[in-house]
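Biologist: I'm new to reading protein models. Could you walk me through this one, step by step?

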Amino acid sequence: MADHISTFSISHNEPTQTNNYKFDLPVDSEHKAKTLKILSFAQPHMRSFHLAWISFFTCFISTFAAAPLVPIIRDTLDLTRSDIGNAGVASVSGSIFSRLVMGVICDLVGPRYGCAVLNLLTAPVVFSIAFVSSAEGYLVVRFMIGFSLATFVSCQYWTSIMFNSSIIGTVNGVAGGWGDMGGGVTQLLMPFLFHIIKVSGATPFTAWRIAFFIPGFLHIIIGVMVLTMGQDMPDGNLSALQKKGDVAKDKFSKVLKHAVTNYRTWVFFLLYGFSMGVELCINNVIAEYFYDRFNLKLHTAGIIAATFGMANFFARPLGGYASDIAARKFGMRGRLWILWIVQTLGGVFCIWLGRASTLPIAITSMILFSIGAQAACGATYGIIPFVSRRSLGIISGLTGAGGNFGGGLIQLIFFSTTKFSTATGLTYMGIMAVACTIPVAFIHFPQWGSMFIPGSKNGKYTEESYYSSEWNEEEKEKGLHHGSLKFAENSRSERGKRQEIESAVTPPGYATPEHV
Amino acid sequence: MMAIRSSFVASIVLSCLVATCYGVTFSSLQRTLVVTASPQQGQVLKGGEDTITLTWSLNTTFPTGTDSTYHTVKFMLCYAPFSQKDRAWRRTEDNLEKDKTCQHKIVTMPYASSNNNFTWTVQKDVPTATYFVRGYVLNSHDEEVAYGQTTDSNKVNNLFQIESISGRHVSLDIASVCFSAFSVVSLFGFFFLEKRKAQASAAK
């Protein structure tokens with residue numbers, strides 16, 4: 001095997017297992033990779049990683065592609081303030097529903113199809129911008145392009161399947177962050193494309209339509225790449241594995257029931273609305289805010305808006321990485337504390353941004369606020385893979401949907417009214433974010449604990465008991481829960497260093513060999 | 001006579017200085033220009049096709065010497081209040097540096113007190129809206145010193161409409177349909193191909 005140069009490698013300190021000759025990276029008992037080699041494209045782990053985040057990145061580009069071009073679109077279509085605002089809310093609302101559906105699809109047919117289908121069906125919608133000639137048409141197209149944000153779920157699901165839990169915070173953070181970065185890149189890309197096309201001779205009202213074709217092409221390219229080069233799981237594609245009997249086919253009603261009855265799902269639905277929701281909302285309003293409040297040129301305001309989105313490149317991975325580091329020492333409790341700290345800090349800096357009356361302070365507070373909110377997104381998805389194994393897809397989807405729901409709600413409450421200014425809206429939004437982050441304290445895992453309550457000490461509750469509780473006796477007889485057991489064993493790292501000694505003893509009744 | 005003249009000039013210079021400190025305000029401008037435009041009240045012009053013919057001259061009721069500092073005239077297409085509603089990016093502000101009422105330049109010409117006209121084809125990037133024409137008179141420092149417009153001070157009379165081009169093209173529509181079809185066909189094509197491969201290997 002060729003030696004890949006890795007500039008970014010994370011590994012968990014464990015006695016090394018014999019490398020399975022099939023895989024390029026060290027793997028655990030589920031064949032999930034234990035390290036992340038960013039510059040590698042090897043099958044299956046790294047290739048899936050890159051396909052996952054790039055497909056999500058493309059969808060962010062096209063969902064927010066209209067935002068920097070609004071000054072020219074509003075003249076083409078004769079839009080009013082409320083037309084523009086409604087289209088902005090619509091662009092993030094569509095995926096509330098589609099993220100739920102994508103969660104189900106991933107659980108049932110695998111992330112590869114989910115991802116490819118969404119990209120290849122979004123392309124026609126993006127191309128249809130050529131036909132839009134009214135405010136209603138504009139709103140419908142933005143709404144439908146917004147469905148594509150469901151690739152977030154397939155992206156995070158795919159990486160959660162491919163990478164071991166000890167580095168999952170970092171992996172999900174990098175994939176999610178680089179995908180979210182699309183919202184920043186598009187603020188620079190679309191005006192650039194528009195300018196080039198205009199210079200080539202097109203009139204402005206035609207040029208922006210042509211500019212939209214580029215994101216459309218990107219969708220087709222990445223969709224085809226996912227289908228031809230992607231693989232659902234480390235051992236192969238889902239349908240092939242299901243036919244061979246390696247992976248059990250699950251029932252939708254059961255998967256849904258275990259997601260919906262787990263209270264942690266709903267706490268995260270709320271929480272994510274105030275990290276990702278806040279971020280989505282800001283993507284739509286920040287350029288205009290700087291333009292109006294500080295009388296900047298639209299071009300300058302656009303660059304500042306892009307900075308907010310581009311901070312995702314390191315801020316979200318930072319949140320995931322911090323989550324993983326905290327987990328090494330303090331286990332799941334560390335992850336929960338990190339989430340609370342960064343999301344609260346994000347809210348505090350948002351309040352500061354709303355009250356900033358000079359440009360340097362506003363930019364400083366915006367950058368700190370973006371780091372806090374985006375790191376919180378990364379930290380959230382460092383915890384999500386542990387909430388459930390059976391219903392990972394739906395819970396991932398529900399949390400993601402919560403983000404969009406929160407985003408739309410926040411935009412409606414604070415930024416679509418003339419009762420108070422945008423600056424005041426930002427302050428209120430920050431206060432609400434701080435208040436709605438308090439529920440992190442209620443997330444409790446019996447085997448690992450919560451922010452203020454330690455986990456069970458006498459082995460009464462274990463990882464195995466938590467994850468097999470999602471299966472009933474009948475299903476356990478059939479052996480359907482073996483995947484969950486394997487995951488439970490690998491998740492013992494969430495106990496943190498202090499409880500490592502206890503974790504070395506496999507609880508009776510669960511005969512899974514620890515090391516090969 | 002000389003005293004009146006010199007104090008008049010002094011006040012103009014002073015107001016220029018003041019203006020450069022605070023930005024020229026619209027309310028400080030005198031309406032000394034008489035401007036007429038060819039479109040009738042309520043007429044609809046098509047972007048890229050129709051033309052507007054402007055004629056302008058100095059209002060002779062003003063004392064001679066009013067136009068001593070006038071250097072150039074700049075004509076702009078300005079939004080009527082109906083097209084400013086719910087559109088803060090077109091709002092009217094007294095400070096001309098912040099004013100967004102007039103966003104489309106028609107022509108800039110050297111100032112002459114009479115016998116002026118100009119014909120302008122409505123450009124393709126002018127949006128659908130209700131308009132009037134305003135001409136700003138600039139001094140040699142490019143500052144506004146006076147104005148004239150085709151409508152009254154309440155911007156109610158003599159407004160006309162422009163209908164913009166849609167920006168749509170048949171070639172764009174066709175390209176859109178072709179690429180969309182390609183996308184959908186590749187998805188289903190791939191799906192069926194994989195299904196056939198799976199069936200073939202299951203049959204073995």
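Biologist: How much area do chain A and chain B bury between them?

Modeller: Two notes to begin with. This is a predicted model, where local features need pLDDT of at least 70 and side-chain atom pairs count only at pLDDT 80 or more, while totals for chains, interfaces and linings use all residues. Residues are numbered from 1 along each chain as its sequence is written, chains are lettered from A and ligands numbered from 1 in the order in which they are written, and side-chain values use heavy atoms, leaving out hydrogens and water. Buried area is the accessible area (1.4 Å probe) that two parts lose on being put together, summed over both; here 65% of it lies on carbon and sulfur atoms, and the total is about 3,000 Å².

Biologist: Which three residues supply more of the area that chain A buries against chain B than any other three?

Modeller: Contact means heavy atoms within 4.5 Å, and chain A brings 36 residues to it, chain B 33 residues. Of the area chain A buries, 18% comes from the trio you ask about: Asp75(A), Phe131(A) and Phe205(A).

Biologist: Which residue forms a salt bridge with Asp75(A)?

Modeller: A salt bridge is a side-chain nitrogen of Lys or Arg within 4 Å of a carboxyl oxygen of Asp or Glu. Between chain A and chain B there are 3 salt bridges. In this one the closest N and O atoms are 3.1 Å apart, and the partner is Arg90(B).

Biologist: Which helix gives the largest share of the side of chain A that touches chain B?

Modeller: Helices are DSSP runs (H or I, at least four residues), numbered from the N terminus. Those supplying at least two residues each include α2 (70-77) and α3 (81-109) of chain A. The largest share is 9 residues, from α4(A).

Biologist: Is α3(A) parallel or oblique to α4(A)?

Modeller: Axes are lines fitted to C-alpha atoms, for helices over the stretch in contact, with angles from 0 to 180 degrees between N-to-C directions. The two axes come within 7 Å and cross at roughly 135°. Angles under 35 degrees count as roughly parallel, over 145 as roughly antiparallel, 65 to 115 as roughly perpendicular and the rest as oblique. Therefore α3(A) is, relative to α4(A), oblique.
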